[in-house]
There are 2 protein chains.
Amino acid sequence: QSQLQSTGGESGGVRALHVTAPRTATLSFYFMWKMIFFLTIKFLDIWDVDVLKRPQEINKQGHHTHLYSSDFLIVRRTLEFQIKITFDRPYKPAEDKFAVEFVIGPSPQYSKGTYIPVFPSEERQSVWRGRIVETSDNVVTMGITTSPECIVGKYMIYIGVVTPYGIRRTRRDPSTDIYILFNPWSPADPVFLDDEEEREECVMNELGIIYHGAYDDVSERAWNYGQFEFGVLDACLFIMDKADMPLSNRGDVIKVTRVASAMLNSRDDDGVLVGNWSGDYTYGVPPTSWTGSVEILLDYAGSRGTPVCYAQCWVYAAVFNTFLRCLGIPGRVVTNFFSAHDNDGNLKMDIILDENGKLDRNRTKDSIWNYHCWNECFMARSDLPPGFGGWQVVDATPQETSDGMFRCGPASVAAVKHGQICYPFDAPFVFAEVNSDVIFYRRQKDGTLEVVKVNPTHVGRMVLTKAVLHDGRRDITDQYKFPEGSPEERRVLEKAEEFGCQREKASLPQSDVEVEIPTLDVRVGDNFDVTLQFKNHSDQRRTADVYVTGTVVYYTGVPSAEVVFKTPKVKLDPLQNKDEKVLVRGEDYMHKLVEQANIHFITTGKIKETGQIITAMKVITIHNPKLIVKVTGSPRVSEEMYVSVEFTNPFKFNLENVHLRMEGPGIMPFKRTSITWTETFSPRRAGSTKLIASLDCAALRQVYGETELTIQQ
Amino acid sequence: QSQLQSTGGESGGVRALHVTAPRTATLSFYFMWKMIFFLTIKFLDIWDVDVLKRPQEINKQGHHTHLYSSDFLIVRRTLEFQIKITFDRPYKPAEDKFAVEFVIGPSPQYSKGTYIPVFPSEERQSVWRGRIVETSDNVVTMGITTSPECIVGKYMIYIGVVTPYGIRRTRRDPSTDIYILFNPWSPADPVFLDDEEEREECVMNELGIIYHGAYDDVSERAWNYGQFEFGVLDACLFIMDKADMPLSNRGDVIKVTRVASAMLNSRDDDGVLVGNWSGDYTYGVPPTSWTGSVEILLDYAGSRGTPVCYAQCWVYAAVFNTFLRCLGIPGRVVTNFFSAHDNDGNLKMDIILDENGKLDRNRTKDSIWNYHCWNECFMARSDLPPGFGGWQVVDATPQETSDGMFRCGPASVAAVKHGQICYPFDAPFVFAEVNSDVIFYRRQKDGTLEVVKVNPTHVGRMVLTKAVLHDGRRDITDQYKFPEGSPEERRVLEKAEEFGCQREKASLPQSDVEVEIPTLDVRVGDNFDVTLQFKNHSDQRRTADVYVTGTVVYYTGVPSAEVVFKTPKVKLDPLQNKDEKVLVRGEDYMHKLVEQANIHFITTGKIKETGQIITAMKVITIHNPKLIVKVTGSPRVSEEMYVSVEFTNPFKFNLENVHLRMEGPGIMPFKRTSITWTETFSPRRAGSTKLIASLDCAALRQVYGETELTIQQ
């Protein structure tokens, strides 16, 4: 594997060298000419360069890159790696001058960080350090330490021998190309995360859990991030190429994550994923059907940048998470329950009632998502004052308006928590997503609106992410908000107002009648009762004219079809508590359900005696049946195993055009089929992992199953 | 001009009303039905609505909108304006309930600020205040005061009469539409500028001067902003429509200016102007040929958003300035001499020399513009901590990279001055434009670069804008930077470094030999000498191997053609000062000149005795002949006048395809012709104004002339 072209035999003392200057052809000819002229002078000659990338070799230790399925050396910034250079004779430090040259991109420049020579001698050092680790015969082992800001990407290596007549360079050898990644294990790297368990979870874990549903009835889906799968690293780097991101910015984690938040969606820039919330997914994969990121990223890169159809928020967040972990940026997917959107720094979500307290659907814009998933990534924020580093929100989902462009973040979670939303990027937007008030207006005959109720606790009800190194939930609401009602919370909201967030200031009399809707556990197809719990706190009789509406909604809050509308009249004795039940029948909602199967109940009413308005809201999640995934066979690397996926149709009608998808990180690439399905597979890697399956048909989406298994070596 | 359709005669007691609900057809039918049913009941009926928009009427006073050439009422936020409503009988405050309704956009909503009813009674008020100014017979004069955050744009007016059966609304009458603008005269408005002279200049002045050339040889061009010309206001509002900017954001000056900075250039979004720095303007108007903004804006709006060809930085800034002033945002064009660009927060501009101190053109990227124009706009910054309001930088010129998108600002000038670049938007970018160091590197044989000189004073050498209310220059460098070498300056640079700006830290020995190039005044075609002034500060002899390169450059610093290259050897006695002259002949540069006619001289050299590198840079502006503009005739409104434009070809060759353009605000719309030109025109408006002419041909660009004149009433 010689790096040099030899025109003579190995016995020939003089070797004609092919010398390549990475920059210009003219330069190359110049050197060629010099070479021919000075051929009789014997300088150091290179026979072989070995980047020590085999599994048991030194460079795979410590860099935490052993899981990448790749033919190349992959290392992390600031940690030394070694290469072995074989010369044609023993290396003489006093006489022989050489440099290992790292080159990235088409026009290498030292001052842009795209051309870095590394020298073996103490006296002469560039921005990357070099040292001789070992010399034996003709072989020199050199240690190379990259700088903590260096560009993340794929570098070419040349060995340049310095002669008085210029540099003689080895020919390009693709097999010695190396990838340099962010290094969360290094205190010098801005992505340093000083917690081994968190690093294991947020950089090394290929499997994740994404939460959805309702804050009081949380559902979860498993996801194969697959950041180490073959081709994924190249796909992630391709995303930056496709964004025309200057190479010199690619060492800056702030810029990398900001560009990625724009590029993960296809809006503006032909990014990775096309959003679709319409319910019609004829020309692509329904968002609920994906079980992992690998297929999406490989499709995108394989087509040289044709956006992949279709995504909704968790798909954006999951693929973004793969991007982050793959490049070495600690990343996690979080879910915010009742997420305000499309409000651009305004902390008011409006619900319009008519004079009688009945919901005015035409005038109430959908502006609260049942849940919304985004990403957090961990980094120092050198562009901000101290205290705003750590977890940062980035969001690739193209929401309706966000400063005219479809990207969001990085926004410091600490800045959001403390109302310091004057710092970039997009902190006011994130602040509104977790802190908006829900304002109920009564619309007067003359068209003006009167505030009748303010609910400050509905939005941002809970923020969840997967627990570290086990499958439980982790409630991180307290990282975004101080406790409801605390003095700190009030101060933060005041702070945010100073920075232009508008809040509703009306001080409203407390109503003496309350209504609530408790949580329900409903399986798809069931009949169920929605209970309205009334409490009369006054010592007088109260009469309420109540409206109850149940509407099937997309998770974005967009209403689809009304399934129930009732107008009970409720009479309450002094201090009486009373339940009013509203029956919802399976046949009423079954044919109206959209993919995420939520029914949104809004109760409003007017108290006759006082004119006060009472309201309650509840999202009831209709639970789908699960897939049962079973594995048989001997769980050993490279041995064949069987997996079966079982599904029982709970309905009285047939399901048509049913599609199943399945994948397991390190054991099985994604597959798809139609109904009743047994697959064989041979695990590629030892360790504990999962098989994840999804079922999809137009009448029933969001059907998932998974099984855990441990593969032996 | 009745707002109501009458089916009976005026004598008929009962009138059939056409009632329009602005929102939905269903609603309208509902009201229609109600109306027919209750026709026998006599409610208040409206005969006429007058928005008092004639020049001598009340609304033209105080709103500073008398100069707009428009058929509509134009008022500014927060200042009361009046409308006269004629009813069918005297108005009885106790019984009759009506509201003046303002509606903007296709889906009016009270909570979005796109539907605002204004009531005449003290007790009932919405976000806009209303009052009865006068009642006489059937006529009510109502005063209306808009809120300081209200949407800037064109509203429709309806009068709604409240009845127990709903609102009866007048029919749409386009002649009562009104424009509401920002109000820099009102302390309540975020664009309040508390200086009458500055407001006169930065809001009301239609004429401007834009500086260019070199900091020590400043040229200027007159510009007709034309913000009051017919159609310009609609064109400016159209730009926000074309950007799909939500109406609810259009009262927020921060968002309006940010959107405009993206929309004034055609990149990303089919904005107003296409940039072209190539020298080939075959398919459009050469940037140097424009004399005003009006033609550009009317072309853009007239074509419903086809980008206009071509612009360079001052064209972007000038048209942006029209946009700002037209909407009532105080705005001015500023010029930064030696403006760094394409460095994305890095404060280093690299110049690469070879081993001998000779400039390496291939490795030196163009990164300093001879000058760059941007805009400042004046506003409160409620999104930032106190202290960062006032003038803000916005820049519509699409520079090479700016966080992946072609827009910039608003960035607080105060934040830039104090190094507080952690605040949005794009402050690090602007900071680098005025504060970058020029670093001279010597490139070693092994490819690495050694810093040999740092010039911290070259970039951001001077920032100029037009003086207030007269034609002089105003140096505002001190608003961007503390004095060179002051302790404050050092502290600011340290502050900026804390926020991630990278500077060169090498501490270099002071060279004991200096070289300078003094300024020259050169007319196009002249032969001239460039003087290199050497100073030997040492008490020993010094020998310098000097390289002098003169290159014709675009104002962006992009080199076009080398016109001179000399390598004098200079010998200096101890403490000697010595001049070395380099002759540049007209014939050497005439055929190589590009539009802005700058020759960029770089002198570098190596001192033999010490190995030190000396450098000097100078941009020499080649001055073009001027156009002579002469006006004859009686300068009175509507009387015919003559203007002649004279030009003498200073060259020995013929000029071909010569185009002249001319315009004068308020007196003559833009015109164009080919050579020797007399035009007649009739001034439209009294007052002091200018006629501006430009001449353009491929061999000679940037030829301007102007004349001042005062038109009598």
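Helices (H or I, at least four residues) and strands (E, at least two) are DSSP runs, numbered from the N terminus. By that count, Glu484(A) sits in the loop between helix 9 (477-480) and helix 10 (487-498) of chain A.

This is a predicted model, in which local features need pLDDT of at least 70, side-chain atom pairs count only at pLDDT 80 or more, and totals for chains, interfaces and linings use all residues. Residues are numbered from 1 along each chain as its sequence is written, chains are lettered from A and ligands numbered from 1 in the order in which they are written, and side-chain values use heavy atoms, with hydrogens and water left out.

**Chain A overall**

Chain A has 11 helices and 39 strands. Its C-alpha atoms fill a box of roughly 110 × 60 × 40 Å along the principal axes. Of the 713 residues in chain A, 59% are buried. Buried means under 20% relative accessible area, exposed over 50%, and partly exposed in between (1.4 Å probe, protein chains only). Contact means heavy atoms within 4.5 Å. Among contacts in chain A between residues at least 6 apart in sequence, 68% join residues at least 24 apart. The accessible surface of chain A comes to about 27,500 Å² (Shrake-Rupley method, 1.4 Å probe). Carbon and sulfur atoms hold 49% of that surface.

**The two copies**

**Annotated sites**

UniProt positions are given in the numbering used here, feature names are shortened, and annotations may be inferred rather than shown by experiment. The UniProt annotation "active site" (unreviewed entry) covers Cys313(A), His372(A) and Asp395(A). They are spread over 83 residues of sequence, yet they cluster in space, with a largest C-alpha distance of 9.9 Å.

Cys313(A) is found in helix 6 (residues 313-327). His372(A) lies in strand 17 (residues 368-379). Cys313(A) touches His372(A), and its other contacts include Trp277(A), Trp369(A) and Tyr555(A).

UniProt places the feature "binding site" (unreviewed entry) at Asn435(A), Asp437(A), Glu484(A) and Glu489(A). These are spread over 55 residues of sequence but cluster in space, with a largest C-alpha distance of 13.4 Å. Asp437(A) lies in strand 20 (residues 437-443). Among the residues touched by Asp437(A) are Met349(A), Pro456(A) and Arg503(A). Glu484(A) touches Pro456(A), Thr457(A) and Glu489(A), not counting residues up to four places away in sequence.

**Glu229(A)**

Glu229(A) is found in the loop between strand 12 (217-224) and helix 3 (232-242) of chain A. Its contacts include Glu206(A), Pro665(A) and Arg684(A).

**Burial compared**

| Residue | Relative accessible area | Class |
|---|---|---|
| Cys313(A) | 0% | buried |
| His372(A) | 0% | buried |
| Asp437(A) | 2% | buried |
| Glu229(A) | 16% | buried |
| Glu484(A) | 41% | partly exposed |
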